[in-house]
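Please read them beside the structure.

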Amino acid sequence: MFALVPSFATRLRSTTRIERWSLVNAVAVLLAAVGTVWLRALDPILIVGVAMLGGLVGLERARWTPHGTFGVANGVTALRVGLLGLLAPAASVGPWPLVVLSLLFLGLDGLDGWLARRYHLSSSFGAFFDKETDALFLLLLCGLAAFRGVLPLWIVGAGLLRYGFVVVLFLLPTPRKTESRSSLARYVFGTMAGVLLASFLLPPDLSRPLVAVATAALLVSFGRSLWGIVAPQWVLRES
């Protein structure tokens with residue numbers, strides 16, 4: 001077991017600074033999730049998640065965009081981070097305010113990517129900032145659904161899949177610690193978010209099977225990404 005420690009430390013040193021941030025972020029959110037489940041409140045994951053995203057902005061301040069400026073695309077993503085704090089208050093008013101706010105969040109998700117491509121602002125920081133904001137949004141939706149009795153508590157585990165995936169990547173002896181975000185992954189994310197929102201409006205007998213199917217698709221998506229990273233490494237070892 002002790003032989004694994006230097007090996008892991010060596011792999012950690014070979015990663016980029018933003019990849020190491022992603023590991024710290026994943027561990028921090030997973031630990032915060034324990035407090036969230038214990039307290040049946042979203043505050044721990046919201047505070048930790050937003051604080052970690054703020055830390056990412058500060059950490060990568062020289063690499064926000066190819067031009068060095070923060071950029072309008074990242075500005076839209078920052079706006080989406082701000083909207084995360086309104087999810088719980090919107091849900092307390094009723095399901096429709098939550099759905100409308102979430103649809104605005106998802107619409108802005110498409111806008112920031114388009115702006116990054118249109119104005120040549122794409123960067124590693126922007127990609128992480130975007131996908132980690134999406135992951136936190138999905139986790140908060142899962143928490144809201146669980147704590148309001150809309151869905152069983154296990155749905156919080158579905159929201160934590162992204163964070164568990166990052167930790168597993170770092171534990172495996174693979175050089176790649178960042179997955180390529182495919183079109184399939186985006187469709188699965190959108191479907192999962194849509195089904196979660198629908199669960200606030202539909203009867204449980206209808207919504208819960210849909211959520212189970214969407215969660216299975218999310219598991220397959222992460223499994224596919226993990227296999228895409230691990231399989232080439234195994235091929236190299238066998239050749």
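1. Nineteen is the count to start from: 19 residues line the largest cavity, and R162, R181, F189, L218 and F222 lie nearest its centre. This is a predicted model; local features need pLDDT of at least 70, side-chain atom pairs count only at pLDDT 80 or more, and totals for chains, interfaces and linings use all residues. Residues are numbered from 1 along each chain as its sequence is written, and side-chain values use heavy atoms, without hydrogens and water.

2. On a 1 Å grid over the protein atoms alone, a cavity is a set of points where a 1.4 Å probe fits but cannot get out; a pocket is an open set with protein on both sides within 12 Å along at least five of seven lines; lining residues have an atom within 4 Å of a point.

3. The largest cavity holds about 300 Å³ of space. Its lining has 10 nonpolar, 4 polar and 5 charged residues. (Ala, Val, Leu, Ile, Met, Phe, Trp, Tyr, Cys and Pro count as nonpolar, Asp, Glu, Lys and Arg as charged, the others, Gly among them, as polar.)

4. The largest pocket has a volume of about 310 Å³. Of its 18 lining residues, G113, G126, A127, D130 and R186 are the closest to its centre. The lining divides into 4 nonpolar, 6 polar and 8 charged residues.

5. In helix α9 (residues 161–171; helices are DSSP runs of H or I, at least four residues), R162, Y163, F165, V166, L169 and F170 are buried (under 20% relative accessible area, 1.4 Å probe, protein chains only). They cover an arc of only 155 degrees around the axis, which puts them on the same side of α9. The arc is that of the directions from the helix axis to the C-beta atoms.

Notes. Buried < 20%, exposed > 50% of the residue type's maximum accessible area, 1.4 Å probe, protein only. Helix = DSSP H or I, 4+ residues; strand = E, 2+ residues; numbered from the N terminus. Points joined across faces, edges and corners; volume = space filled by probe spheres on them.
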